[in-house]
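Please read them with the structure open.

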Amino acid sequence: MKEKHYSDLGETLYSEKLSNGLRVYLLPKEGFHKTYAVMTTDYGSIDQSFVPLNGTAPVTQPAGIAHFLEHKMFEKADHDAFDTFAHFGGSSNAFTSYTHTSYLFSATHHLKENLETLLDFVQDPYFTEQTVNKEKGIIGQEIQMYEDDPNSRAYFGTIANLYPDQPLADDIAGSIESIDKIKPEDLYLAHQTFYHPSNMSLFVVGRLKPAEALGWIEANQAAKTFSKPAPIKRILPPVSQQIIAHKELVMPVERPKVTVGIRGNDDLPTGINRLKYEDAISLGFTLLLGETAPDFLSLYDQGIIDDSFGYNIELQRGAHHVIMAGEAEDPKAFETAVLDILHHATDKLEAARDRFEAVQREAIGSTLSSFNSLEAIANQFDDQLYGDASLFDEVGVIKALTMQDVIATMQQFLGSAGISVQEIVPGH
Amino acid sequence: MPKQLAKGVWLNVIPTTQFKTISMTVDFIAPGNVQELSNRILLAQLLETSSAEYSTQTKLAQKLSMMYGASYGVNVFRYGLQEGLRFSSTIINDHFIGGESLLSEMIAFLRSVIYRPLVNDGAFESVTFARQKQNLMAYLKSLNDDKQYYAEQQLSQLYFKNEPFFATSLYGDAETINGIGAETLYATYQQLLATNQVQITVAGDVSEADLVADLAKWQLEDRQIQSSEIIYRRPVSEMVAKTEGQPLQQSKLNIAYKLPVYYREADFYKALVFNGLFGGTPISMLFKNVREKNSLAYYASSRFDGFTGTLLVQTGIDQSNEAAVKTIIAQQLDAIIKGQFSDEVFDQVIASLINGRESRLDSQRALVNQAMLDQLLNSSVSATDWVNQIKQVTREDVSAIAKRVQLQAVYFLKGEDAK
């Protein structure tokens, strides 16, 4: 078992790659009462087309299948995994993103039993015609709930505008029509291909003893047989830089909403430099449009933006973008103002040198604070995106950043970026 | 142990090294009404964004950024009959940032924003006041775009139709807020600072002595507490029902029941277990039967409020299934009354509740809230005692609680063809 101490965080991370390929991370947290565990497969809503494990011909599955599979994993022939967790006091859940599917529990007792339940239910699929069809009603309601949510429509609409010819254009949950096509054999095929231990990781954090927990996990895995690991062949459409620059959606909302999406078309660096890239972009946007920025105040005072304004930097397998959103009485003024700031980003950043230390400190504090939350640590941890680096290295990376790094990275990102605006317009 | 700094002013300290941060809240608490609640909402909006020393958001944000991204917020809470205006801030523990001492700086910052608001001629500065009032009014409008919130609010208005304070959302009443002026609000604020009960709560790697020293500069004079009664015992009323149509894909069926069991009073733990079994957990009978078995909803859950003796059910369903869902909900209540649930699910509910309670010990915010509430109630129940109380609840207890549940209000937000 590898052991790595991070003195600036006061944390020690233990890790081990099991013989079946499963990557295990253990982070003991002194003083905590619960343990949080999340098991993640590198498989999300965009992975619709692939060559099945041990197969040769590519298949394309219905949109929303990764999320459907996530729902269906809990139900077994004679029990529901929710209930098994509950029996041991564990509270369980799962979530699907564009690129990952994660299963989790948190528990203050019976760590061994809850860990075994997690490993077993994720690795033991059970689907029938009847259970699959039943789930269509539940997920149908979930889809309809999000259809009525203007923030969700604005977000997914923007991603679709940025990547119109990519699987990213489909909602993570798919549509009522696409999920209707899902059959048990599709789910088995996806599970067989993407839920191999070599495509998965397990992060356990909180009250635990590393050697003991690893022993339980190893014993559980050693008792199961898996096919030989093989590289996964995902099939993605050729990458074009085509975007939809502007779109309006009429919804019965009280106030108009605007979302500006910025798609990075630049090649990302690898390893710790990718983390540096992400943090530099984050500081760059804070300097341009965060609450310390003079432009923020000016737009706020003019009533062009309000407290609903915010932005998010997203970097994932195969894509990176920044999403800015807010309510706006005058959507055109919002759009013009934001685009103008982006257009003059370099000059504005040059003028922001005196604020650099403040936003750097803020980023350090915010990263440190996130280590209070077991969920935040485990959910944010990604051991593939940044090579050997991870969020444990982030404080050091932020401390080493300079204003010049920020300007250069922002130029790299914005220089070839595609920008799309999604408006939600009140009406029926 | 809480320390009394002045009459009606308390300091609650939770020393712990579990977290990387120190979290502090300053609460001004008094019995609530619609006007006071609306005043507090507008105060929160104003005081979160400006003060005499930090006259704009950028100045305020710059200060917080320099304090390693200290958080600062002002919000409003309600426990039963009492409402509070809460100032909160969280900072990084000194030793993670090279020994700089942020605690005294944070306490001085809070003092500055609380006691030196942005004022001109005995009124909140007019331009900032007007903008923040407008922002708040806009925010209140957009809240209605969240249909789960909207349906819950409509149900509250039905259920508490004779108690406007409880019928009003925690974001205040738009019409009342619209009528508040900058001068009146400033006078109200001065009154609030001088007369409200004050609870200061700090969790983190701190010592009470240091805090007392830092707080010595604050204007924390003695005050007479008006009433610290928290529990509201709503009288039973005629059942009321309302259906409203809107262009939506998904319909919302929300139901309110009276369950006359109150926070930390007799049968409280029995009611918690009942709620966990009925709809308060993902292993509950509502979740199992409305969602898993009959595939009628994505969410179907219940919540119990021991400060008003209210049990609320919320579901998101297809409009054609209203009658079916109502029947299934009623059947679940009936099944609990008749004891028709397995030992296994009963034990699972108990284990889940215990897990939830113990997990709150890992949340700094939850620790702060609990300490404040304990002092407000002048009682406390440790996590261990709480767990023991839950373990003593029997199947029969839960059936007996279910019998006391009375249907009072049904609200149906009916999705009509959006296209």
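1. Terms for the strands. Two strands pair if DSSP finds at least two bridges between them. Helices (H or I, at least four residues) and strands (E, at least two) are DSSP runs, numbered from the N terminus. With that in hand, B:Leu253 stands opposite B:Thr315 in β12 of chain B.

2. Basis. This is a predicted model, in which local features need pLDDT of at least 70 and side-chain atom pairs count only at pLDDT 80 or more, while totals for chains, interfaces and linings use all residues. Residues are numbered from 1 along each chain as its sequence is written, chains are lettered from A and ligands numbered from 1 in the order in which they are written, and side-chain values use heavy atoms, with hydrogens and water left out.

3. Strand β12 of chain B.

4. β10(B), residues 251-258, pairs with β12(B) in the antiparallel sense over 8 bridges. β11(B), residues 297-305, is also antiparallel to β12(B), with 7 bridges, and here B:Ser301 stands opposite B:Gln314. The hairpin of β11(B) and β12(B) has 4 residues between the strands, and B:Gly309 takes a positive phi near 65° in it.

5. The five-stranded sheet of chain A. This open sheet has the order β11-β15-β12-β14-β13, with mixed pairing. β11 (246-251) and β13 (310-316) stand at the edges with a single partner strand each, so one side of each is left without a neighbour in the sheet. β11(A) is parallel to β15(A), residues 418-426, over 6 bridges, and A:Val250 stands opposite A:Val425.

6. Which strand of chain A is largely enclosed by the rest of the structure? The strand is β12(A), residues 257-263, because 7 of its 7 residues are buried. A:Lys257, A:Thr259, A:Gly261 and A:Arg263 point one way, and A:Val258, A:Val260 and A:Ile262 the other way. Antiparallel pairing joins β12(A) to β14(A), residues 319-327, through 7 bridges, with A:Thr259 and A:Ala325 as bridge partners. β12(A) is also antiparallel to β15(A), over 7 bridges, where A:Ile262 stands opposite A:Ile419.

7. The three-stranded sheet of chain A. The order is β6-β5-β10, the sheet is open and the pairing is antiparallel. β6 (59-60) and β10 (233-234) are at the edges, each with a single partner strand, so one side of each lacks a neighbour in the sheet. β5(A), residues 49-51, is joined to β10(A) by 2 bridges, and A:Phe50 has A:Arg234 as its bridge partner. Helix α7(A), residues 184-194, lies across β5, β6 and β10, running at about 65° to β5(A).

8. Nonpolar cores (sets of buried Ala, Val, Leu, Ile, Met, Phe, Trp, Tyr and Cys residues joined through side-chain atoms within 4.5 Å). The largest has 153 residues, and A:Phe203, A:Phe392, B:Phe87, B:Leu110 and B:Ile114 touch the most other members. Helix α9(A), residues 272-289, gives the most to this core, with 9 residues. Apart from it lies another core of 60 residues, among them B:Tyr79, B:Val313, B:Ile328 and B:Ile390.

9. Domains of chain B. Domain bounds come from an automatic or database domain assignment. Chain B is divided into domain 1 (3-215) and domain 2 (240-415), and 30 Å separate their centres, taken over C-alpha atoms. Contact (heavy atoms within 4.5 Å) involves 32 residues of domain 1 and 37 residues of domain 2.

Conventions. Buried means under 20% relative accessible area, exposed over 50%, partly exposed in between (1.4 Å probe, protein chains only). Axes are lines fitted to C-alpha atoms, for helices over the stretch in contact, and angles run from 0 to 180 degrees between N-to-C directions.
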